[in-house]
Amino acid sequence: MIYNDTQQEIANKIETTSQANNWKDWRWQLRNTIKNLEQFERLTGIQFNAAERTDLKKTFEKFPLSITPYYLSLIDKTDYKNNPVFKQAFGGIEELSVLNTDMSDPLSEDKDSPVEGITHRYPDRVLFHVSNICAMYCRHCTRKRKVGDKDHIPSTSQLKKGIEYIAQNKQVRDVLLSGGDPFMLPDDKIDWLLSELKRIPHIEVIRIGTRMPVVLPYRITDNLVKTLKKYQPLWINTHFNHPNEITTSAMEALTKLADGGFPLGNQSVLLAGVNDCPKIMRTLLHQLVQNRVRPYYLYQCDLSEGLSHFRTPIGKGIEIMESLIGHTSGFARPTYVIDAPGGGGKIPVMPNYIISWSTNKVILRNYEGVITTYKEPDNYEQKTCNQACDNCNLELSLNKKDESEAIGIEKLLSDSSSVISLIPENNERVQRRSNSK
Ligand SMILES: *Cc1c(COP(=O)(O)O)cnc(C)c1O
């Protein structure tokens, strides 16, 4: 059950006695991941010169290599240097150039971590790192310095600490399992973890972020789907970056998951030389929706160390969004986000559509450049909201705890708070005021 000659050739080189054809066995794929330069050269036939070999070895000492035979088989050997799969999987010396604006933890995931494995950044949801390893180490990984350095899967007692934190924090209604790749855990461990989370009454949804459909689609087995099905509502997000990744095997994995009843999303990273082109991006998005995957986020590449060669200006992302909004189905278009350096969370950015404004008219432009006027209501009755939901006629019955106070910009917009400005700590102008008192 091999799809093409390249795959047959790689399989034969891995196992000369290839009578037992294990290509579609995910454990076989994991046992045979390509972890060093020699294996890569032998399996692909690509040869590097002495200088290149020295550079590559240095690179892999700092950022480990791991490529599944399946993902390796997607590399076009005749033009590998320009190949989007090669660029995501293999890397090079440019990863060792660290700019002084690069950071080892740009999103401050560690600072926002109350217990090991949990990042609690937003009020109602947490990120739970349940595995430190992946089938393939993406060269553009934002957790590049961490993933793979302790090549292990957290112990049950470590995971229990995270579960305990979630159980004690009633405002958490959404748990996002990430890693590493959660599907590196064996099925019974996933079963146990999900059952523990499911038991917590305030958890409304669980999400899993995995790159398995892209780098090791055979991991999506019937048994995995059967296990996951017990824990609906379960949302699954994957990470396709280029149309070349949507293969027959990947489509089969996506079909299994979609048929299993899981809403599927995709998070791409905007990568120079891989997908920084409106046409590539549009092709990818169209193929995703054909496979019942809803594009969720397009990420601006983070400021992690070793990623500078992948970064594009933000203008490239805006240009891509401009080419999508209005030009293609609304559900085929992701939200373009910049994950705030320092840990502010995701900030959506897009082209401007509001051109001007008066007290009763808004001037907008559409994707074609047509400028239009929206006449606002003359008699909209602005009710003051004092957050007393019991007296409101919108018939929303809330628990007391749901009437939580607004924060941030939401607070500035609300009628129930007297706060009129948000001032950064250590603002010099404000400090002068208190000094002169
Ligand atoms: C991305 C992220 C989430 C989930 O954010 P959504 O916008 O709800 O998808 C949660 N926690 C952390 C730390 C994140 O980085």
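Two strands count as paired if DSSP finds at least two bridges between them, and the close-up views below, all taken from a predicted model, begin with such a pair.

**View 1. Strands β7 and β8 as a parallel pair.** Strand β7, which covers residues 293–299, runs beside strand β8, residues 335–340, and the two pair in the parallel sense over 3 bridges.

**View 2. The open sheet of 9 strands.** The strands follow the order β1-β2-β3-β4-β5-β6-β7-β8-β9, and their pairing is mixed. Because β1 and β9 (345–348) stand at the edges with a single partner strand each, one side of each is left without a neighbour in the sheet. On average, and with direction ignored, neighbouring strands of this sheet are turned by 30° against each other.

**View 3. The shell around the ligand.** The residues that surround the ligand are T119, R121, Y122, R125, L127, L176 and K346. Both β1 (118–122) and β2 (125–129) supply at least two residues of this shell, and β1 gives the most, with 3 residues. Sorted by class, the shell is made up of 3 nonpolar, 1 polar and 3 charged residues.

**View 4. Cysteines listed in UniProt under "binding site".** The unreviewed UniProt entry lists C134, C138 and C141 under this heading. C138 is found in the loop between β2 and α7 (156–168), and C141 is likewise found in the loop between β2 and α7. A residue is buried if 20 or more other C-beta atoms lie within 10 Å of its own; C138 therefore counts as buried with 21 such neighbours, and C141 counts as buried with 22.

How values were computed
Residues numbered from 1 in each chain as written. Predicted model: local features only at pLDDT ≥ 70, side-chain atom pairs only at ≥ 80, totals over all residues. Near = placed C-beta within 6 Å. Helix = DSSP H or I, 4+ residues; strand = E, 2+ residues; numbered from the N terminus. Nonpolar A, V, L, I, M, F, W, Y, C, P; charged D, E, K, R; others polar. Axes fitted to C-alpha atoms, helices over the stretch in contact; angles between N-to-C directions. UniProt positions renumbered as here; feature names shortened; annotations may be inferred. Buried ≥ 20, exposed ≤ 12 C-beta atoms within 10 Å, placed from the backbone.
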